[in-house]
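Here are my notes on the model below. Please read them with the coordinates open.

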Amino acid sequence: MPPRWIAASILSADFARLGAEVHAALEAGADLIHFDVMDNHYVPNLTVGPVVCEALHRHAPSAILDVHLMVRPVDRIVPDFASAGATYITFHPEATDHIDRTIELIREHGCRPGLAFNPATPLDFLDYTLERLDLVLIMSVNPGFGGQRFIPGALEKLAAARRRIESAGNPIRLEVDGGVKVENIGEIARAGADTFVAGSAIFESGDYRATLHAMRREIERAV
Ligand code: DX5
Ligand code: ZN
């Protein structure tokens with residue numbers, strides 16, 4: 001199991017002070033910055049694109065940028081995020097016509113590919129892809145909005161994805177996204193996640209450091 005990471009999702013940050021929010025999250029102990037890209041097409045919401053990603057990359061050059069694409073089509077925008085400083089680029093299999101080609105495109109551009117699974121998307125999409133991925137993202141809400149409630153079925157799915165990753169043998173991260181809080185992060189860790197995305201739990205708390213600390217304590221207690 002790789003070291004456990006907590007990713008701060010800037011979707012719930014104060015967008016008028018985005019650079020300062022990213023610094024605050026990193027200083028408070030976030031391991032990576034989760035960057036949600038929505039297009040009002042694949043998901044019914046609209047956020048930010050490569051221009052903002054690049055600005056944040058310049059502002060915090062050492063931050064690991066975990067780009068979560070909720071856009072269709074995917075391939076057109078991949079090179080733009082690569083040159084904007086993305087570290088991971090994760091996409092949804094339903095949003096691209098050629099999954100293998102998209103994975104290859106992300107890698108060719110020097111980024112780490114991830115595949116995201118909506119609550120009703122079967123893990124079958126890992127059948128011919130897992131060995132070529134650096135990250136598997138299990139959505140524990142339907143994508144599109146922050147602040148939703150964790151869907152309990154994600155726990156079983158995380159455990160199934162963990163088993164597949166263990167048998168593949170490569171150091172592939174297992175990330176969970178949606179409804180992650182101090183109160184449930186322990187059981188999510190026990191189910192097998194090693195990378196935890198949290199948006200509202202961090203940015204809507206008064207004290208980012210205390211929240212991240214409490215999350216880490218719950219993870220350590222649970223595993
Ligand atoms: C939802 C996004 C998430 C979102 C999670 O589509 O992919 O990254 O920011 O927000 P919380 O942690 O508030 O559920
Ligand atoms: Zn996300």
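1. Where is the place of Pro73? Pro73 sits in the loop between β3 and α3. Helices (H or I, at least four residues) and strands (E, at least two) are DSSP runs, numbered from the N terminus. The peptide bond from Arg72 to Pro73 is cis, with omega near 0°.

2. A word on the basis. This is a predicted model, in which local features need pLDDT of at least 70 and side-chain atom pairs pLDDT 80 or more, while totals for chains, interfaces and linings use all residues. Residues are numbered from 1 along each chain as written, chains are lettered from A and ligands numbered from 1 in written order, and side-chain values use heavy atoms, without hydrogens and water.

3. Asn40 has a positive phi of about 55° and is not a glycine. Asn40 belongs to the loop between β2 and α2 (50-59). Most residues other than glycine have a negative phi, and most peptide bonds are trans.

4. Now the ligand shell. There are 20 residues around ligand 1 (a heavy atom within 4 Å). Ser9, Asp36, Gly144, Asp177 and Ser200 come nearest. By class, the shell has eight nonpolar, ten polar and two charged residues. Here Ala, Val, Leu, Ile, Met, Phe, Trp, Tyr, Cys and Pro count as nonpolar, Asp, Glu, Lys and Arg as charged, and the others, Gly among them, as polar.

5. Which strands each supply at least two shell residues? They are β2 (32-38), β3 (65-70) and β8 (195-198). β2 gives the largest share, three residues.

6. Polar contacts (N or O atoms within 3.5 Å) are as follows. An N or O atom in the Asp36 side chain is 2.7 Å from an oxygen atom of ligand 1. A polar backbone atom of Gly144 is 2.8 Å from a ligand oxygen. For a backbone N or O atom of Gly179, the distance to an oxygen atom of ligand 1 is 2.8 Å. Taken alone, ligand 1 exposes 380 Å² (Shrake-Rupley, 1.4 Å probe), and the protein buries 100% of that.

7. Last, the rings. The whole structure has two aromatic pairs (ring centres within 6.5 Å). In one of them, Phe35 and Phe81 have centres 6.1 Å apart and planes at 70°, so the pair is edge-to-face (over 60 degrees). Phe35 lies in β2 and Phe81 in α3 (residues 78-83), so the pair ties together parts 46 residues apart in sequence.

Note on methods:
A polar contact is a pair of N or O atoms within 3.5 Å; within protein, one must be able to donate a hydrogen and the other to accept it, and residues adjacent in sequence count only if both atoms are side-chain atoms. Rings of Phe, Tyr and Trp (its six-membered ring) pair if their centres lie within 6.5 Å; planes under 30 degrees apart count as stacked, over 60 as edge-to-face and the rest as tilted.
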